[in-house]
Amino acid sequence: VQTIAQKFMDLCNQGKHFEVMRTMYAPEMVSVEGDGKETVGKEPVIHKSKVFQGNNAIEGQDLRGPFFCGDANASSGRFAVYSSINFTPKAGGARATHEEVGLYTVKNNMITREEFFYVGLFI
């Protein structure tokens with residue numbers, strides 16, 4: 001889990017979020033937003049992120065972690081990442097900052113689930 005989490009952080013800090021999804025997410029990936037809405041399947045999860053990036057100009061990000069739950073040296077377990085994203089909606093509107101905590105589940109060295117926790121509504 002620690003190796004997966006560190007690779008996740010390294011790629012995300014380089015702005016390679018889609019490389020993370022393409023190479024580290026399992027085919028049966030499940031993504032759960034803070035409102036409880038689930039997206040099931042690697043390709044639908046990638047599409048959801050492409051839509052967000054297509055609708056918003058990402059101005060910057062601050063990632064912190066990873067934080068571990070359980071044995072970080074196991075091939076299965078969980079890690080969390082704090083993220084703050086600055087973005088401007090392409091359709092118009094003020095620049096915004098969104099903060100969240102992502103909890104990632106790893107099974108057999110693949111990320112199988114992501115759950116996002118945040119305060120209030122998110123665009």
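Predicted model: local features only at pLDDT ≥ 70, side-chain atom pairs only at ≥ 80, totals over all residues.
## A hairpin to start with

Strands S4 and S5, the latter covering residues 96-107, pair in the antiparallel sense over 11 bridges. S4 and S5 make a hairpin in which six residues separate the two strands. In that turn, Gly92 has a positive phi of about 110°.

Ser83 is a handy landmark here, lying in strand S4, which spans residues 77-89. Its bridge partner in S5 is Glu100. Is Ser83 buried or exposed? With a relative accessibility of 8%, Ser83 counts as buried, because the cut-off for buried is under 20%. Setting aside residues up to four places away in sequence, Ser83 touches Asp62, Leu63, His98, Glu99 and Glu100.

## Out in the loop

Ala94 sits in the loop between S4 and S5. There the relative accessibility is 62%, and Ala94 counts as exposed. Apart from neighbours within four places in sequence, Ala94 is in contact with Phe87 and Pro89. From Ala94 to Phe8 the C-alpha to C-alpha distance is 30 Å, and the two are 86 residues apart in sequence.

## On to the next strand

Strand S6 (residues 110-117) is joined to S5 by seven bridges, and the two run antiparallel. S5 and S6 also form a hairpin, this one with two residues between the strands. Asn108 in the turn has a positive phi of about 50°.

Strand S1 (residues 25-32) in turn pairs with S2 in the antiparallel sense over three bridges, and Val32 stands opposite Glu38 in S2.

## The whole sheet

In what order do the six strands of the open sheet lie? The order is S2-S1-S6-S5-S4-S3, with mixed pairing. At the edges are strand S2 (38-40) and strand S3 (56-69), each of which pairs on one side only. From one strand to the next, the twist averages 20°.

Helix H1 (residues 2-13) packs on this sheet and touches S3, S4, S5 and S6. The direction of H1 makes about 160° with that of S3. Helix H2 (residues 17-24) packs on the sheet too, touching S1, S3 and S6. The direction of H2 makes about 125° with that of S1.

## Two helices side by side

Two packed helices are described by the angle between their axes and the distance between the axes. H2 and helix H3 (residues 42-55) pack at an angle of about 175°, and their axes are 10 Å apart. That makes H2 roughly antiparallel to H3, since angles over 145 degrees count that way.

Which residues of H2 meet H3? They are Phe18, Met21 and Arg22, which meet Lys42, Ile46, Ser49, Lys50 and Gln53 in H3. Sorted by class, the contact of H2 with H3 has three nonpolar, two polar and three charged residues.

## Charged partners

Side chains of opposite charge can pair when their charged atoms come close. The model has four salt bridges by count. One of them joins Lys48 and Glu33, whose closest N and O atoms are 2.6 Å apart. Lys48 lies in helix H3 and Glu33 in the loop between S1 and S2, so this pair ties together parts that are 15 residues apart in sequence. Lys48 is partly exposed, at a relative accessible area of 21%, whereas Glu33, at 18% relative accessibility, counts as buried.

Asp62 is partly exposed, with a relative accessible area of 28%, and Arg64 is partly exposed at 48%.

Glu115 forms a salt bridge with Arg113, with the closest N and O atoms 3.5 Å apart. Arg113 counts as partly exposed, at 26% relative accessibility. Glu38, Arg113 and Glu115 are linked in a network of salt bridges.

Definitions and conventions:
Residues numbered from 1 in each chain as written. Heavy atoms only, no water. Helix = DSSP H or I, 4+ residues; strand = E, 2+ residues; numbered from the N terminus. Buried < 20%, exposed > 50% of the residue type's maximum accessible area, 1.4 Å probe, protein only. Contact = heavy atoms within 4.5 Å. Pairing = 2+ DSSP bridges. Axes fitted to C-alpha atoms, helices over the stretch in contact; angles between N-to-C directions. Parallel < 35°, antiparallel > 145°, perpendicular 65-115°, else oblique. Nonpolar A, V, L, I, M, F, W, Y, C, P; charged D, E, K, R; others polar. Salt bridge = Lys/Arg side-chain N within 4 Å of Asp/Glu carboxyl O.
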